[in-house]
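Here is a short tour of one structure, written for someone who likes to look at contacts and distances. We begin with the sheet, then visit a few residues and finish with the charged pairs.

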Amino acid sequence: MSLVEMMVVVALVAMCTLWGIHSWRSYQQALTLEQHAQQLRMSLYGTQAEANHYNRSAVLWAVEGRAGCVGTGTRPTDCHHATGKILTLTDPDIELLDFTNKSMGFYGLRNAAMAGHLTLKNSAGSLRVVLSARGRRRICSENQPLLGIGVCQ
């Protein structure tokens with residue numbers, strides 16, 4: 001092998017390595033976003049089960065932004081002063097982007113709910129956690145499919 005051929009091989013290996021590192025970082029960011037959305041969905045499930053079990057209302061609030069939080073009870077000014085049952089976003093790259101402006105929550109014995117959505121976003125994309133009037137919680141992607149999660153209809 002000549003020196004030119006060796007340099008071409010090294011350049012191709014370097015390009016493939018850079019592409020692989022970029023793809024791995026994108027996958028990690030998408031996975032982190034999906035895990036936070038699943039964690040939020042499961043937290044809403046727990047709140048719904050508690051409201052159903054004790055036959056009481058659980059109205060949700062959200063503090064938007066990076067390191068945002070979602071909870072029930074009285075709405076605090078920021079996440080550091082929140083009390084009660086709250087879920088705080090731990091990853092600084094995840095942003096709570098959007099929350100339904102009307103009251104959203106769970107109501108009593110029949111698992112009824114006030115429909116709404118919460119949107120989480122990072123550099124990989126954005127996922128919406130949707131709460132239906134029948135109390136179903138689902139996750140959908142805002143713009144393009146993300147890790148097998150379909151686009152919102």
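In this predicted model, an open sheet is built from 5 strands, arranged in the order β4-β3-β1-β6-β7 with antiparallel pairing. The edges are taken by β4 (86–88) and β7 (112–114); each has a single partner strand, so one side of each is left without a neighbour in the sheet. On average, and with direction ignored, neighbouring strands of this sheet are turned by 15 degrees against each other.

One pairing is worth a look in more detail. Strand β6 (residues 104–107) runs antiparallel to β7, and 3 bridges join the two. Among the residues involved, F106 has A113 in β7 as its bridge partner. F106 also turns up in the surroundings of Q48, a residue that is in contact with F106, N111, G135 and R137 once neighbours within four places in sequence are left aside.

Q48 itself belongs to helix α1, which covers residues 3–54. Is Q48 buried or exposed? Its relative accessibility is 6%, so Q48 counts as buried; the cut-off for that class is under 20%. The side chain of Q48 has a polar contact of 2.3 Å with the side chain of R137.

Let us move on to S141, which sits in strand β10 (residues 137–141). With a relative accessibility of 2%, S141 counts as buried too. Its side chain reaches the backbone oxygen of Q144 at 2.4 Å. Leaving aside neighbours within four places in sequence, the contacts of S141 are S126, L127, L146, I149, G150, V151 and C152.

Beyond its neighbours within four places in sequence, G73 is in contact with V59 and W61. From G73 to S132, which is 59 residues away along the chain, the C-alpha atoms are separated by 20 Å.

Now for the charged pairs.

| Salt bridge | N to O distance |
|---|---|
| R56 and E50 | 3.2 Å |
| E50 and K85 | 3.9 Å |
| R128 and E142 | 2.8 Å |

E50, R56 and K85 are linked in a network of salt bridges. What are the accessibilities of its members? R56 is partly exposed at 43% relative accessibility, and E50 is partly exposed at 34%. In the salt bridge between E50 and K85, E50 lies in helix α1 and K85 in the loop between β3 and β4, so the pair ties together parts that are 35 residues apart in sequence. K85 has a relative accessible area of 35%, which makes this lysine partly exposed.

The remaining entry in the table is the salt bridge of R128 with E142, at 2.8 Å. R128 lies in strand β9 (residues 125–131) and E142 in the segment after β10, so this pair ties together parts that are 14 residues apart in sequence. R128 is partly exposed, with a relative accessible area of 25%, and E142 is partly exposed at 26%.

Conventions. Residues are numbered from 1 along each chain as its sequence is written. This is a predicted model: local features need pLDDT of at least 70, side-chain atom pairs count only at pLDDT 80 or more; totals for chains, interfaces and linings use all residues. Side-chain values use heavy atoms; hydrogens and water are left out. Two strands pair if DSSP finds at least two bridges between them. Helices (H or I, at least four residues) and strands (E, at least two) are DSSP runs, numbered from the N terminus. Axes are lines fitted to C-alpha atoms, for helices over the stretch in contact, and angles run from 0 to 180 degrees between N-to-C directions. Contact means heavy atoms within 4.5 Å. Buried means under 20% relative accessible area, exposed over 50%, partly exposed in between (1.4 Å probe, protein chains only). A polar contact is a pair of N or O atoms within 3.5 Å; within protein, one must be able to donate a hydrogen and the other to accept it, and residues adjacent in sequence count only if both atoms are side-chain atoms. A salt bridge is a side-chain nitrogen of Lys or Arg within 4 Å of a carboxyl oxygen of Asp or Glu.
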